[in-house]
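Visitor: I would like to go through the ligand site of this model. Please take it step by step.

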Amino acid sequence: MSKAVALLVVLLILVVFSGECYGELRVGFYKGKCGLTDVEGVVRNVVKTWFFTKKEKSIAAALLRLQFHDCFVNGCDASILLDGDNSEKKALPNKSVRGYELIDAIKDDLEAECEGLVSCADIIAMATRDAILLSGGKWYNVETGRRDGNVSLASNVNLPPPFISVSDSIKLFASKKLTPTDMVYLLGGHTVGIAHCSLFQDRLYNFNNTGGPDPNMSKWLLFGLRMKCPRGASFDNIAPLDVRTPSFVDNSFFEQIQRGNGVLQIDQQIALDELTKGIVDGIVKDPDFYTKFGEAMVKLGRVEVLTDEQGEVRTSCRVVNKKTSSFGIFN
Ligand code: HEM
């Protein structure tokens with residue numbers, strides 16, 4: 001083969017594979033990089049300790065939301081973990097995000113084993129998978145190799161509100177290279193966890209300024225939620241997002257939204273809107289739900305990841321290593 005042909009072949013391979021390349025991401029990135037220590041095993045042990053010994057049974061919900069809120073703002077770069085007066089975690093949609101202490105605990109154990117090796121962004125992805133497994137979900141291989149970002153600004157947080165329309169939500173997910181099917185599977189993250197009354201109160205009493213409830217909410221759910229969230233209450237109560245199996249990662253959430261039992265407006269709408277109804281109906285009958293949910297989580301974990309030159313591996317997930325001028329967190 002002449003030199004020119006060889007060069008052409010190399011170029012062709014690069015072009016073909018570049019579309020499938022997500023920075024340094026791959027399954028087993030840390031294999032063999034921490035002596036005999038199994039990095040994923042260290043993460044799993046801490047998650048298990050919190051779940052079984054500390055009885056923190058809702059960590060799957062906490063971490064699922066944490067991963068979503070991290071990846072949709074500046075990509076999956078752990079920018080949500082950075083402390084600061086105006087960092088992302090201070091933005092309104094992140095006020096009720098939880099799970100920071102668990103990530104700290106995992107980071108401490110990993111730093112003790114292999115200093116400066118495992119990024120906080122990867123810890124989020126691995127720990128979320130492990131928590132999902134402990135809550136009734138199935139195992140999926142997590143890609144690793146992300147680097148941590150060093151910019152975290154509350155003003156960058158532009159997360160979707162619960163009343164976002166299905167078409168706007170599809171557009172938002174598309175901007176992160178996620179399809180409508182990915183979006184619907186990922187909203188299945190609402191199979192666990194809770195929502196505050198203030199985020200769906202309008203659906204109970206004054207939907208779209210009609211003076212009445214959302215006609216798409218089942219009478220049964222309306223009754224239950226009105227008990228939990230009385231009009232004019234002085235406290236902001238909580239209600240489970242999956243009304244049947246609130247602590248289990250399963251596809252019952254999708255059955256419930258088919259019956260008018262979606263708590264958030266967007267959850268209810270994906271079961272009704274022509275753009276997504278077929279996807280929801282398919283998921284309810286899909287025996288392979290867990291595999292597809294895992295695949296969607298892997299795709300979420302690929303959103304705008306930082307590569308070697310752009311990011312760093314923080315030694316504490318709450319502070320950046322190097323102080324450069326681009327640190328929004330101090331603004
Ligand atoms: C259009 C997209 C989405 C919207 C509008 C949305 C909105 C919300 C809202 C309003 C809450 C309640 C927060 C509170 O009351 O404190 C919530 C909770 C939650 N969300 Fe989403 N969400 C979306 C997508 C996702 C995705 C993609 C995931 C995960 C893959 C996810 C996982 C969760 C979880 C697990 C909770 C419960 C958190 C807890 O119990 O602490 N959400 N979401």
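Visitor: Where is His190 found?
Guide: This is a predicted model. Helix H7 covers 180-187 and strand S3 covers 194-196. His190 is found in the loop between H7 and S3.

Visitor: Which backbone has a polar atom 3.0 Å from an oxygen atom of the ligand?
Guide: Ser96, Arg98, His190, Ile194 and His196 are the closest of the 23 residues that surround the ligand. Arg98 uses a side-chain N or O atom, 2.9 Å from a ligand oxygen. For His196 a backbone N or O atom lies 2.6 Å from a ligand oxygen. The backbone at 3.0 Å is that of Ile194.

Visitor: Which element gives the largest share of the shell around the ligand?
Guide: H3 (59-71), H7 and S3 each supply at least two residues of the shell. The largest share is four residues, and it comes from H3.

Visitor: How many residues of the shell around the ligand are nonpolar?
Guide: The ligand sits in the largest pocket. Domain 1 (24-158 + 303-330) and domain 2 (166-299) each give at least three residues to the shell. By class, six shell residues are polar and two are charged, while the nonpolar ones number 15.

Key
Residues are numbered from 1 along each chain as its sequence is written. This is a predicted model: local features need pLDDT of at least 70, side-chain atom pairs count only at pLDDT 80 or more; totals for chains, interfaces and linings use all residues. Side-chain values use heavy atoms; hydrogens and water are left out. A residue is near a molecule or strand if one of its heavy atoms lies within 4 Å of it. A polar contact is a pair of N or O atoms within 3.5 Å; within protein, one must be able to donate a hydrogen and the other to accept it, and residues adjacent in sequence count only if both atoms are side-chain atoms. On a 1 Å grid over the protein atoms alone, a cavity is a set of points where a 1.4 Å probe fits but cannot get out, and a pocket is an open set with protein on both sides within 12 Å along at least five of seven lines; lining residues have an atom within 4 Å of a point. A molecule sits in a cavity or pocket if more than half of its atoms lie within 2 Å of its grid points. Ala, Val, Leu, Ile, Met, Phe, Trp, Tyr, Cys and Pro count as nonpolar, Asp, Glu, Lys and Arg as charged, and the others, Gly among them, as polar. Domain bounds come from an automatic or database domain assignment.
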